[in-house]
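Please open the model in your viewer and keep the selection panel at hand. The stops below each begin with something to select, followed by what is to be found there.

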Amino acid sequence: MKETFKITGLTDQQVAESRARHGMNVLTPPKKRSLWLQFLDCFNDPLIKILLVAFALSVGIAAYEYFGTGKTAEVLLEPVGIFIAIVLATLVGFLVEVNANKKFEILNKLNDDVLVKVTRNGKVTQIARRDVVVGDVVMLDAGENVPADGDLLNSVSMSVDESSFTGEPLAHKSHKPEDEKGDATYPVNRLLRGSNVADGHGVMRVTEVGDRTEYGKVFTEAQIENDLETPLMKQFDQLGRWIAKGSYIVGACIVVGRLLMLMLDGMPHDALDIVQYVIETIMLAVTLIVVSVPEGLPMSVTLSMALSMRRMLASNNLVRKMHACETMGAATIICTDKTGTLTQNQMRVQEAYFPEIEQQRQLGNDPMSQLIALNIACNSTAFIDNSDEQKVKAIGNPTEGALLLWLHESDINYAELRENNELEAQLPFSTENKYMASVIRTPDGRRLLLVKGASEIIIRHCSQIAGGITFEKVTEHLLQYQSQAMRTLGFAYKEMDESDMNPIAHYRLEAEGLTFMGVVGISDPVRSDVPDAIRECVDAGIQVKIVTGDTPVTAREVGRQVNIWNADDADDTLITGEEFARLNDEEAAERSKHIKIMSRARPADKARLVNLLQQSGEVVAVTGDGTNDAPALNAAQVGLSMGDGTAVAKQASDITIMDNSFTSIGKAVLWGRSLYKNIQRFILFQLTVNLAACIVVGIGSFISEQPALTVTQMLWINLIMDTFAALALASLPPNEKVMHDKPRRDGDSIITRKMMKFIGGAGLLFAVLMLGMFCYLLFVNHSLDEGCSHITSHIMPDEVAIYFTTFVFLQFWNMFNAKAFDSGHSAFHNIKDSKVFFSIAAIILIGQIVIVQVGYKMFQIEPLTLKQWVLIFFGTSPVMLIGEFIRYFKNKA
């Protein structure tokens with residue numbers, strides 16, 4: 001049966017009518033829980049529940065005092081203040097999480113922007129998956145995702161992974177009714193949205209889109225994984241447990257200390273006073289635990305990663321799995337492909353050597369030129385999009401696209417050649433075989449076997465070379481092209497008899513006696529920014545290895561141009577995939593440490609290299625764009641698929657490099673390291689406050705019945721250091737300085753020695769200052785305004801305001817030290833890109849003023865005078881100023 005046909009596809013008017021009738025090709029997301037219910041979930045934390053119970057008891061006592069003893073309504077203000085502080089802290093954290101989830105949803109929607117090849121108005125073009133309509137004719141190749149439900153119009157050796165529907169990993173598909181199997185779940189010509197083309201290629205007419213597809217009926221769309229427990233999260237869990245245990249001990253000490261102070265007081269107390277004191281003691285202890293436990297850490301990580309993922313997308317890095325954000329920053333080795341990653345992916349046929357053609361760069365009407373044109377047009381799965389005559393571009397495999405563009409330049413219509421020649425069988429290109437083969441029948445009845453691919457492999461099946469030249473002459477041209485970093489392809493053909501069996505029936509070429517036609521050299525210049533990007537990675541302590549299917553000569557020349565390899569390097573820095581496969585595991589593991597370039601690499605070679613490097617303790621990132629790269633992408637700690645790669649490669653990867661450029665990979669490392677550094681800064685800030693608060697409140701409970709900081713005051717401090725600080729420090733822009741650091745080791749603690757010194761030094765300093773001030777106000781009662789001095793056991797409300805505000809301002813200025821920590825810059829460096837940080841700093845400052853001047857009764861304090869505000873503001877500023885001086889002199893040194 002003749003299988004030549006012409007498809008014109010839908011017109012623009014038909015597309016509009018179909019979309020109006022059947023809708024867009026998007027899926028309605030599953031219904032989510034209401035925001036109100038999600039907010040209530042925030043109160044499931046055990047510590048929050050304890051605080052709420054204590055708050056309820058406090059309300060009961062306050063109500064009794066108001067209604068039973070006739071006290072004023074002011075007794076109700078403290079419980080109200082506690083409730084507002086609890087809700088506010090929970091609400092801000094909730095809103096930050098909602099904001100982060102929205103960022104993930106935006107990234108998830110990019111799945112609908114994946115490009116799909118369709119025929120419209122008689123021309124092949126690319127559209128977003130969301131724009132596919134019923135009636136569209138879609139072209140599908142191996143490794144691509146089926147965008148909608150439809151029926152096959154044409155197919156070649158097609159197998160589809162339908163495991164998500166039937167559990168069957170490979171289902172044979174065909175447009176021929178005679179290939180139907182009685183036990184199949186779906187018809188043999190039926191393709192379903194969400195399945196992947198495993199082998200072959202085909203043409204499909206869309207019958208259902210969006211929610212009407214089989215996939216849409218049971219929608220569980222693959223989302224960006226934002227709920228994965230990352231290595232960093234595990235470190236935080238461990239850190240959180242350690243801090244929690246310490247805070248429980250301090251909390252218990254507070255309860256014991258305050259009860260002892262009550263018993264040793266010797267003053268008579270009525271039952272209500274004792275109950276109120278005990279409840280206040282319990283609330284104080286629980287509040288200290290709430291303040292100490294870093295519940296802001298998970299929020300800080302989630303927010304940091306959400307912001308990083310959004311910003312990385314602007315740098316052409318689409319993060320698919322959240323852990324990749326942090327892991328990319330720890331990468332020690334990047335195994336990169338050559339084509340498109342190191343090169344511009346703008347392939348053009350630069351040189352051609354066909355002995356029987358007079359003008360090598362121009363195909364004519366002679367028999368050999370016609371055979372070459374048939375080999376390029378029919379032995380291919382690529383297309384040309386000429387919908388814009390001013391900008392003709394190739395769609396599909398870049399190498400095959402370059403060949404089609406060469407035909408276009410020679411005024412040869414590849415589409416007509418495909419339509420007029422019957423395709424009997426086809427073996428698509430694979431990195432294992434390194435060639436593509438097709439059997440066609442020409443209009444005059446001839447059967448032709450057409451092969452193109454790696455010359456050294458194809459030549460083994462040839463018995464002669466066109467033009468009667470020797471293979472040495474062909475090799476001379478090959479080496480010449482390869483030495484100029486060109487990709488080379490050889491062409492061969494054989495005229496077959498009717499009785500000849502299909503030579504590619506067993507997924508490999510089983511034919512001899514072919515005629516070698518000649519070779520082409522396809523240029524793909526190195527990206528101008530790649531050498532600098534690689535140098536940046538090397539300076540950052542990251543090894544870069546080229547793993548490519550190209551020839552040794554081509555790979556070596558590209559390696560030289562991008563400064564990965566030079567002629568002085570030892571011989572063990574170069575290896576081919578075949579040589580690597582012959583090494584045993586011990587030899588290969590040792591050799592892998594020195595390899596800089598692996599040429600003629602197969603997917604199994606790449607996956608083995610990745611595994612061996614990981615076994616030696618390396619954190620490996622690897623690039624891949626083909627279906628067969630999936631094992632290596634899965635094996636690597638960070639799999640990097642290419643923007644024009646197959647759907648299978650993208651699904652196996654952690655990050656998709658949208659522009660295929662190595663420079664974008666370097667930016668991913670920058671973002672990963674900066675994210676880790678921002679989280680370290682948040683930990684630094686929080687643990688400093690934790691240490692100071694625990695010491696002040698803990699020791700203070702043994703000094704006086706009056707707490708050093710009340711419950712409402714501590715909850716406000718918790719809001720500052722947990723929620724606002726997480727938001728401020730997570731939003732800091734990346735710092736190029738991190739690219740001069742060496743990669744962190746897998747077992748490294750997130751709290752470095754330098755951080756421990758800062759936390760211990762600053763935390764103890766703040767604690768000593770605040771305890772000294774507490775004792776001074778408690779026992780001397782030195783009024784800063786009146787100058788009187790006498791012994792007392794309680795601090796006056798106006799002095800409590802000074803004490804509370806001083807503690808807050810110490811942490812306020814210390815937040816600037818945390819921002820600049822280990823950055824090599826002033827805290828006021830890059831203000832333009834740190835707008836969020838400075839905005840939140842302003843909110844903290846304004847919030848403290850409002851609390852003291854307006855909400856003072858809730859906090860059991862009195863408003864401060866302008867003079868007192870100025871004294872506290874400038875009196876605490878040396879915390880930041882001393883830090884600035886230290887950073888300045890360190891930078892000068």
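Which helix supplies the largest share of the nonpolar patch? The model is a predicted one, and in it helix α7, residues 231–265, makes that largest share with four residues. Select Val 256, Leu 260, Met 263, Leu 264 and Phe 702 together, and you have the residues that form this nonpolar surface patch of about 530 Å². Then pick out Met 263, which lies in helix α7 and is exposed, with a relative accessible area of 62%.

Before the next stop, show the whole protein. It holds 29 helices and 24 strands, and buried residues account for 55% of its 893 residues. Of the contacts between residues at least 6 apart in sequence, 73% join residues at least 24 apart. The protein exposes about 38,600 Å², of which carbon and sulfur atoms supply 57%.

Now turn to the open sheet of eight strands, and colour them in the order β8-β24-β23-β22-β9-β19-β21-β20, in which the pairing is mixed. At the edges are β8 (317–319) and β20 (574–576), each of which pairs on one side only. Averaged over the sheet, and with direction ignored, neighbouring strands are turned by 20° against each other.

Strand β4, residues 149–162, is the next selection. Is β4 mostly covered or mostly uncovered? The strand is mostly covered, since ten of its 14 residues are buried. Show β7 (residues 196–208) beside it, and you will find the two strands running antiparallel, with ten bridges between them; Ser 159 stands opposite Asp 199 in β7. Strand β6 (residues 190–191) also pairs with β4 in the antiparallel sense, over two bridges, and here Asp 151 has Arg 190 as its bridge partner in β6.

From there, move to helix α17, residues 552–561, and select Val 553, Thr 554, Ala 555, Glu 557, Val 558 and Gly 559, which are buried. To see what covers these buried residues, display α15 (471–482), β19 and β21 (597–599), which are among the covering elements.

Most residues other than glycine have a negative phi. Asn 563 is found in the loop between α17 and β20, and counts as partly exposed because its relative accessibility is 48%.

For the last stop, select Ala 485, which likewise is not a glycine and has a positive phi, of about 65°. Ala 485 lies in the loop between α15 and β17 (487–496). Why does Ala 485 count as buried? It does so because its relative accessibility is 9%, and the term buried applies under 20%.

Definitions and conventions
Residues numbered from 1 in each chain as written. Predicted model: local features only at pLDDT ≥ 70, side-chain atom pairs only at ≥ 80, totals over all residues. Heavy atoms only, no water. Patch = residues over 30% accessible without salt bridge, like charges linked within 9 Å, V, L, I, M, F, W, Y side chains within 5 Å. Areas by Shrake-Rupley, 256 points an atom, 1.4 Å probe, with all protein chains shown as cover. Salt bridge = Lys/Arg side-chain N within 4 Å of Asp/Glu carboxyl O. Buried < 20%, exposed > 50% of the residue type's maximum accessible area, 1.4 Å probe, protein only. Pairing = 2+ DSSP bridges. Axes fitted to C-alpha atoms, helices over the stretch in contact; angles between N-to-C directions. Contact = heavy atoms within 4.5 Å.
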